[in-house]
Amino acid sequence: MRSSAMRDMMEITARPEVISLAGGLPDTSTFPAEAFAAEMLRIEKTAVAEVLQYGPTEGSMLVREQIVEVMAAENTRVDSMDITVTTGGQQAIDLITKVLIDPGDVIICDAPTYPGAIPTFCSYEADVRQIEMDADGMRIDLLEETLEQLEAEGKRPKFIYSIPTFQNPGGVTLSLERRRRLVEIAREKEILVIEDNPYGLLRFEGEPLPTLYSLDGGNFVVYLGTFSKILSAGLRIGWLVTPTPIREKVVLGKQAADLCTSTLTQDFAGHFFRDGAWREYVEELTGIYRARRDVMISAMAEYFPHGATWNKPAGGLFIWATMPDVLSTEDLLAKALSRNVAFVPGPNAYVDGRGASSMRLNFSGVKEDEIIEGIRRIGQVAREMLKLYETMTSTDEMKLPRTEEDPS
Amino acid sequence: MKVALLQGGRSLERGVSIRSGLRVTEALLDLGHEVDVLDLGPDLVGQLEKNRPDVAFIALHGTEGEDGTVQSLLELLDIPHTGPRVAACKRCMDKSLAKYILRENGLPTPDWVTYSEAAIRDFGAASTFGAAVERVGLPLVAKPCSQGSSLGVKVVTELEQIPNALITALSYDDRALLETWVSGRELAVSVLGGEALPVVEAIPTKSNSYDFEARYEIGGASFECPADLGEAETAEVERVALAAYEALGCSGFSRVDLILAEDGPQVLEINAIPGLTETSLLPQAAEAAGLDFNAMVQKILDLAMA
């Protein structure tokens, strides 16, 4: 796919008539307006001059203290001095890549990986190697093979980037055994692991697993967090937890990028997490997302064509679905957009064009009736194209293997 | 002048259109015009009626913006607009119709066959794929009948690949062409006010001659303007391009895409409203003719008002 043409195609998803299952949006509609007003009133009374001023590059102490609390909710102990507040998780990815990567350096990541990380890695001219995942996350046996292969080429990866919990876009979670092994490998080979954990607190079922950071103690694991999915994406607050030498470079990089993250939104978030009912709010969001996931999955079972597969994530925001392999999801998106529905085609999550028949579907940012309608339309265009393919390949002239019979 | 700048829209080329629109808006403001930027939506006609612009600058690409839909509305509202009029837009947008018209006018265009989704689905058209291949030969190019960009285009080197290529092309339109692959130099002639601007050549940076798709990737081609052609070649390319522009009834401006094969130029398609971003081919050609972006925009406006 011509990448610029693809980007142009994604522009339409912003139109109001389009049901977009393409984004990664949290639902912010249930945030209590009174709580928002109360924070603003407090600022008006006590902190106007302060929030209109620059702040420290590494972030306000109040926010860093609250980040310690939020991470503790996932049994991860950190020192507030190791935290750098960033302008969203995206800046955290950008900064860590900027300070660690020189052109040609190897980055290892999940296959598929977060589509927003790819342009960042590519803009620093990294050599990206993606490791296949299964239902238990990144396949560590394949990681070890890749590391051996790299060693044979005389290369050492600069870091391994992974979203171990409710992975974006795959929806899978790295098993405990693999988490342990990954941390061991990091220690043995002295390779940094960048653990990106935006969704860990959005668990629908099952027991939480320890973060890589907590298993490692922060020696070889750098942790990326964000308030975007548990409070607000509009506040643009994320963070990095790094060992001191890296933190110094990150702070220099951040100084060059934007001096500091918004003082106003840090103040808002800091007080909300200190005084507000954030645990209840996250619990409420989790309930909304769980219901939406279930609605999406039952709609897929009803409307997607025979031969399509998908997973049931135990948390997070995304489902990864794969269509029968004669369908390209990039082409399917064009057809779906003509029916005003959008998703992210699989190849956006790979550097090498893999994922041609897969798609990422977001369930957190769209209401239940729209999820059902969106999935129905995607299913309809997929069935139409499959039927057409079958018609073409079943003539005497085109004796090709047929797709499996559609039972409907 | 009071200019309504139409951009965005619902086509797959919305992104380019917004970039074209931004660049043109800048130029219009520089030129001292009053600009009202409009996207296609339920209030389009209402806005146009309320604001009564002197002229509409159409920076839309693809369906609805480039296919005559918006043009016919503007003509109904009696608002002059830039670029070709309704009928010419319709002819250009339908690649198959455009090729029939070219042929009727004795102009060279590669052989082709058109398939509609309905003919394949309901009338057993798939059993004619063999005959189609006999007519157009291999390799051939499968493409949607009415998309302006390179989306949905695939090269077919054997009969068995046709269903796959058609599934792709038919994802972008309900009709698709199978067209003879003609190897040669890829040229674009922009026509402004009935005059050909210097020829632009797209030079593939990858050398695989069948890798049609690679040409459309970023960095897949570099552009040279004026193209390195002999005097006679240039004259012939321009003659064919102008004749194609006229045969389709274009006015204002348009861009004719051709392949310069061994036996002369062949017209691939005519873009009624080509891209107007800084790096688009029409502005590049205008620049080579000594017209900077602002002067080009003013000229397009003057042609609309003429």
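This is a predicted model: local features need pLDDT of at least 70, side-chain atom pairs count only at pLDDT 80 or more; totals for chains, interfaces and linings use all residues.
Local features are reported at pLDDT of at least 70 and side-chain atom pairs at pLDDT 80 or more, whereas totals for chains, interfaces and linings use all residues. Residues are numbered from 1 along each chain as its sequence is written, and chains are lettered from A and ligands numbered from 1 in the order in which they are written.

For the complex, the predictor gives an ipTM of 0.88 and a pTM of 0.90.

Chain A comprises domain 1 (3–24 + 281–393) and domain 2 (33–276), with bounds from an automatic or database domain assignment. Their C-alpha centres are 26 Å apart. To the contact (C-beta atoms, placed from the backbone, within 7 Å), domain 1 of chain A contributes 25 residues and domain 2 of chain A 23 residues. On the domain 1 side, α12(A) gives the most, with 6 residues.

Chain B contains 11 helices and 13 strands, which are DSSP runs (helices H or I, at least four residues; strands E, at least two) numbered from the N terminus. Its C-alpha trace spans about 55 × 50 × 35 Å along the principal axes. Of the 306 residues in chain B, 49% are buried, that is, 20 or more other C-beta atoms, placed from the backbone, lie within 10 Å of the residue's own.

Terms used:
Two residues are in contact if their C-beta atoms, placed from the backbone, lie within 7 Å. A residue is buried if 20 or more other C-beta atoms lie within 10 Å of its own, exposed if 12 or fewer, and partly exposed in between; C-beta atoms are placed from the backbone.
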